[in-house]
Amino acid sequence: MAQQPPHILYLHSHDTGRHIQPYGAPVHTPNLQRLADQGVTFRHAFCAAPTCSPSRAALLLGQSPHRTGMFGLHHRGWSLSHPQRHLAHFLQDCGYRTARAGVHHVCNDADTAGYTDQLTEMHCGALRTRQAVSEFLQQRESHKDDRPLFLAVGFGETHRAGRGFAADYVTEDDARSTAPMPGLPNTPDTRRDAAEFNDSARRLDQHMGDILDRFATYSLTDNTLVICTTDHGIPFPGHKCNLTARGLGVMLILRGPKSSGLEAGRIIDPMVSHLDLYPTICDLIGAQAPDWLEGRSLLPLVRGETDRLHNELFGEVTHHAAYEPMRSLRTERYAYVRRFGDRKLPVVANSDDGPSRDVWLEHGWADQTLPDETLYDLVFDPDETHNLAHDPAHADTLQAMRDRLDRWMQTTEDPIRQGPPPIPEAGVLVSADNGMGEPERVYPAEPIPVSA
C-alpha cells in the first residue's frame, strides 16, 4: 500500500525577518525555538523581494516577482499574471485539500489562488484565525477526510499597526532595557519601538505555537511538513524594502516526516531562497516540478548530497507604497545593489511610519543622496554598510557583479530594463516623499490606508 503524501502546514508572518529566538534575537519565542529544535533551521534564507505581496507571490509561484506580475502590493492594485501557477492549484491537482486562514495578501479570491477552503477573511485577527483552524481540523476529523492537506496560516502580529505594534504590555523598564534594532541609534524612541516589536514577536510565537499544538491534537504531526517563514525583514528604517540582508533575510524553519531527511536540531548555513520551497514540496511528494520554477529542492542539501544549492541569489523592489526600482545580486562573498530611475534621494514613503523613522528624519535622512550602485564585502562588512563600488581595488568584482545581474535581468525578461512597468488601472501609489507631508494619490483607485 502506497504511503499517503505528507500534509503541508505553511505557517507565515508579516515583517518578522529573522528576529526570533532561534536566530539569536533578544526575544523569547519558545514555540519557534521548539520547532527549530525539532527541525532544520536555515541560517541564510532569503526572500525574493523585501515587500509583502511580491515576496509572497514569488514563494507561492516559485518565480521572481517580476515574472509573477506582482510588481507591487496586492491591495494597491497589483495581481498575479498566472494565478493557475499558485502552489495551492498545483497541490489541488495532486489530490490535496487546500485551505487558507488569516493573512495572505496575494489574491482575494481563494478559488482563483487554488484553495478549496477559505477559513477566514484576509485581515482577520489572530484569535479568529486560530479558532477557524481549530474548527476546520475538528470538522475534517469528524468527516474522516483522509485527503492530504495543504493549510496556509498567516499572522500579522509583527506588522506595524499604525505607527506602533499594538503592544499588549510594554513597561518603561522594558523600553529602557531593550536595545534598538540594528542600524538605528540608541535613543528612548528607538528603544521603545524595539520593545514593542519584541512584544509583537512574542505574541506571534504564541499564535504559531497554538497552530502547531492543534496539529498535534489531531495526530497530524508525524506526517506533516511544517514550513515556517516570513515575507521579509522587519518594519524599521534600513530593513524592510531594502535589498541588504536586513530586508531580504528571513527566518526559515522546516520540520518534516522522517522520509524528508529533516533531522532534528540541524542548522544549515549555505544560502537558500524562498524560491526553493515550491520545488522542495514537489520533491517531497514525488510530483513532477513545473517547468516555470526557478529554485531548487532543499532536500539534497538537507540530506548532505550537496554542500550548496546556489552561487548567487537575486532580489528586487519595484513598487511598494511608492515607486523605487532596485535589483540586487548576492553571493557568499559579495552583495551588489543597483538603483534605477532618476531619483537620488530616499523614498521616504517606503519606510514604515513610526518612532524609529522619525529619528532618521529629524537628522536629515530624507536629504541624503543615494548611490546608484552599492557593493559590500560580506566577510569584512557583514552589516553591509561600507560601499566599495567606487574603490578601484574592487573594480573587477564590481564589473563581474554588474554583468551577472544584467544576464539575470535579460534571462528573466525583467521589464525594468526598458523603464517603469505598466501600472494597473486600479493601481495606487503615493508620493515618494510621503511622510514629509500629505500623501499624493498618483493613480486612481478606491481609497486605501497609506501605511503598507
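At 1% relative accessibility, Cys282 counts as buried; here buried means under 20% relative accessible area, exposed means over 50%, and partly exposed lies in between (1.4 Å probe, protein chains only). The structure is a predicted model, in which local features need pLDDT of at least 70 and side-chain atom pairs count only at pLDDT 80 or more, whereas totals for chains, interfaces and linings use all residues. Residues are numbered from 1 along each chain as its sequence is written, and side-chain values rest on heavy atoms, with hydrogens and water left out.

Cys282 belongs to the buried residues of helix H10, together with Leu277, Tyr278, Pro279, Thr280, Ile281, Leu284 and Ile285. Helices (H or I, at least four residues) and strands (E, at least two) are DSSP runs, numbered from the N terminus. Helix H10 covers residues 277-285, and eight of its nine residues are buried, so the rest of the structure largely encloses this helix. Just after H10 comes Gly286, with a positive phi of about 75°.

The cysteines can be considered next. A disulfide is a covalent bond between the sulfur atoms of two cysteines, and the cut-off applied is a pair of cysteine sulfur atoms within 2.5 Å. The structure holds zero disulfides. For Cys282, the nearest cysteine sulfur is that of Cys94, 7.1 Å away. Cys47 is buried as well, with a relative accessible area of 2%. Its closest cysteine sulfur, in Cys52, is 11 Å away, which is too far for a bond.

Rings of Phe, Tyr and Trp (its six-membered ring) pair if their centres lie within 6.5 Å; planes under 30 degrees apart count as stacked, over 60 as edge-to-face and the rest as tilted. A search of the whole structure finds eight aromatic pairs. One of them is the stacked pair of Tyr115 and Phe150, at 6.2 Å centre to centre with 15° between the planes. This pair links distant parts of the chain, 35 residues apart: Tyr115 is in the loop between helix H5 (110-113) and strand S5 (117-118), while Phe150 is in strand S6 (residues 149-155). Both partners are buried, Tyr115 with a relative accessible area of 5% and Phe150 with 1%.

Phe165 and Phe236 also form a stacked pair, with 5.9 Å centre to centre and 20° between the planes. Phe165 lies in the loop between S6 and helix H7 (172-177) and Phe236 in the loop between strand S7 (224-230) and helix H9 (245-248), so the pair ties together parts 71 residues apart in sequence. Phe165 is buried at a relative accessible area of 1%, and Phe236 is buried at 2%. Elsewhere, Phe90, Tyr278 and Trp292 form one aromatic cluster.

Rings also meet charged groups. A charge sits over a ring if NZ of Lys or CZ of Arg is within 6 Å of the ring centre and within 35 degrees of the ring normal. The charged end of Arg18 sits over the ring of Phe46, 4.9 Å from its centre, and Arg43 lies over the face of Tyr23, at 5.5 Å from the ring centre.

In soluble globular proteins, nonpolar side chains tend to be buried together. A nonpolar core is a set of buried Ala, Val, Leu, Ile, Met, Phe, Trp, Tyr and Cys residues joined through side-chain atoms within 4.5 Å. The largest such core has 86 residues, and Phe42 and Phe150 have the most contacts inside it. A second, separate core of 14 residues includes Leu375, Ala389, Met401 and Met409.

The loops hold some buried polar residues too. His105, in the loop between strand S4 (97-102) and H5, is buried with a relative accessible area of 3%. Its side chain is joined to that of His75 by a polar contact of 2.8 Å; a polar contact is a pair of N or O atoms within 3.5 Å, where within protein one must be able to donate a hydrogen and the other to accept it, and residues adjacent in sequence count only if both atoms are side-chain atoms. Asp15 has a positive phi of about 65° although it is not a glycine. Asp15 is placed in the loop between strand S1 (7-13) and H1, and is buried with a relative accessible area of 0%.
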